[in-house]
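Hi there,

Here is the structure I promised to pass on to you. Have a look at it first, and then read my notes below.

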Amino acid sequence: MKRTAVSVKIEDYPIWVQEFIKDSKVYDSSCSKEARVIFIEKDEGYYLKSAPKGSLEAEGRLTEYFHKKGLATEVIGYMSEDKDFLLTKKVHGEDCTYQKYLDDPKRLCDTTATLLRELHEVDFSDCGVDRVKSYIETVENSYRKRHFDNDLTDETRLLEREEAYRIAMENKHLLKNEVLLHGDYCLPNIMLDNWKFSAFIDLGNGGVGDRHIDLFWGAWTLKFNLGTDVYRDRFFDVYGRDKVDFDKLRIVAAMECFG
Ligand SMILES: Nc1ncnc2c1ncn2[C@@H]1O[C@H](COP(=O)(O)OP(=O)(O)OP(=O)(O)O)[C@@H](O)[C@H]1O
Ligand SMILES: [Mg+2]
């Protein structure tokens with residue numbers, strides 16, 4: 001992730017955050033349009049995410065939950081004002097879009113597949129976030145609002161809106177609360193320190209849910225970020241094909257068009 005030095009208007013931030021920003025160099029580290037992420041060069045370093053009101057509450061809660069399991073950074077503070085603000089400690093290392101990792105695609109594929117399987121073996125009995133329920137609700141709401149984007153994979157591009165919705169509704173009962181999900185299992189959200197796992201970030205869609213949601217995005221991100229689909233099979237091999245149901249992956253793909 002490239003960081004660009006920026007100047008921010010300190011008065012745009014709540015008082016408790018201003019303490020961290022004032023007299024510190026600040027860099028932009030945003031990946032998406034939905035949220036602004038800045039790196040604050042102070043102490044060991046902090047990341048501040050700001051996004052529309054209410055949108056970071058789940059991320060704050062889940063980051064704390066993953067932190068207790070040794071899987072995420074420490075949350076310094078979350079506050080909902082006119083916008084939401086989430087301040088976290090900098091994680092060691094770089095996210096998986098760092099060139100050194102992209103330059104060794106086999107190792108990157110094996111590492112992300114292994115980490116995902118390990119995550120899916122973690123005990124989630126005290127998590128309390130039902131992601132299957134909210135995932136299905138998102139599909140239904142997006143359908144009603146006519147939000148539909150099938151530009152994900154070669155397979156989803158063949159799906160019309162009505163067909164994708166039919167597949168989703170006929171099969172939604174098959175999704176299981178079976179693992180602790182990352183929820184947005186893409187390369188920029190996996191932090192490694194010289195290939196060693198450091199932390200997961202961007203956990204707002206995490207919780208207890210169906211492993212195929214993470215498997216879909218884990219395979220998608222390798223193709224998207226490496227520009228080739230040749231690591232797809234290897235990704236499922238390393239994860240363990242005994243746990244991969246390819247029919248369910250197609251159902252999740254249809255549902256993700258309403259994501
Ligand atoms: N605590 C952290 N430690 C180290 N790097 C971080 C940390 N938080 C964020 N980053 C860096 O900033 C990037 C963007 O952060 P993040 O993934 O939270 O937001 P996003 O992807 O822009 O937003 P969205 O939630 O809309 O997907 C990450 O890919 C990572 O490189
Ligand atoms: Mg991200």
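The notes below go through a sheet, a hairpin and a pair of helices.

Please keep in mind that this is a predicted model.

Let's start with the sheet. Six strands build an open sheet, and walking across it you meet them in the order β1-β2-β3-β4-β6-β5, with antiparallel pairing. Which strands stand at the edges? They are β1 (4-6) and β5 (75-80); each has a single partner strand, so one side of each is left without a neighbour in the sheet. On average, neighbouring strands here are turned by 25 degrees against each other, direction ignored.

Inside this sheet, β4 (residues 46-52) and β6 (residues 83-89) are joined over 7 bridges in the antiparallel sense. To find one of these on screen, look for K49, whose bridge partner in β6 is L86. Helix α2 (residues 57-68) packs on the sheet and touches β5 and β6. The direction of α2 makes about 160 degrees with that of β5.

Next, the hairpin. Strands β9 (residues 190-193) and β10 (residues 196-200) pair in the antiparallel sense over 4 bridges, and D193 has K196 in β10 as its bridge partner. Between the two strands there are 2 residues, and N194 takes a positive phi near 50 degrees.

Finally, the helices. The axes of α7 (residues 211-226) and α9 (residues 246-256) come within 9 Å and cross at roughly 75 degrees, which means that α7 is roughly perpendicular to α9. On the α7 side, H212, I213, L215 and F216 meet K248, L249, V252, A253 and E256 of α9. Those contact residues divide into 6 nonpolar, 1 polar and 2 charged.

Happy exploring!

Key
Residues are numbered from 1 along each chain as its sequence is written. Chains are lettered from A and ligands numbered from 1 in the order in which they are written. This is a predicted model: local features need pLDDT of at least 70, side-chain atom pairs count only at pLDDT 80 or more; totals for chains, interfaces and linings use all residues. Axes are lines fitted to C-alpha atoms, for helices over the stretch in contact, and angles run from 0 to 180 degrees between N-to-C directions. Angles under 35 degrees count as roughly parallel, over 145 as roughly antiparallel, 65 to 115 as roughly perpendicular and the rest as oblique. Two residues are in contact if their C-beta atoms, placed from the backbone, lie within 7 Å. Ala, Val, Leu, Ile, Met, Phe, Trp, Tyr, Cys and Pro count as nonpolar, Asp, Glu, Lys and Arg as charged, and the others, Gly among them, as polar. Two strands pair if DSSP finds at least two bridges between them.
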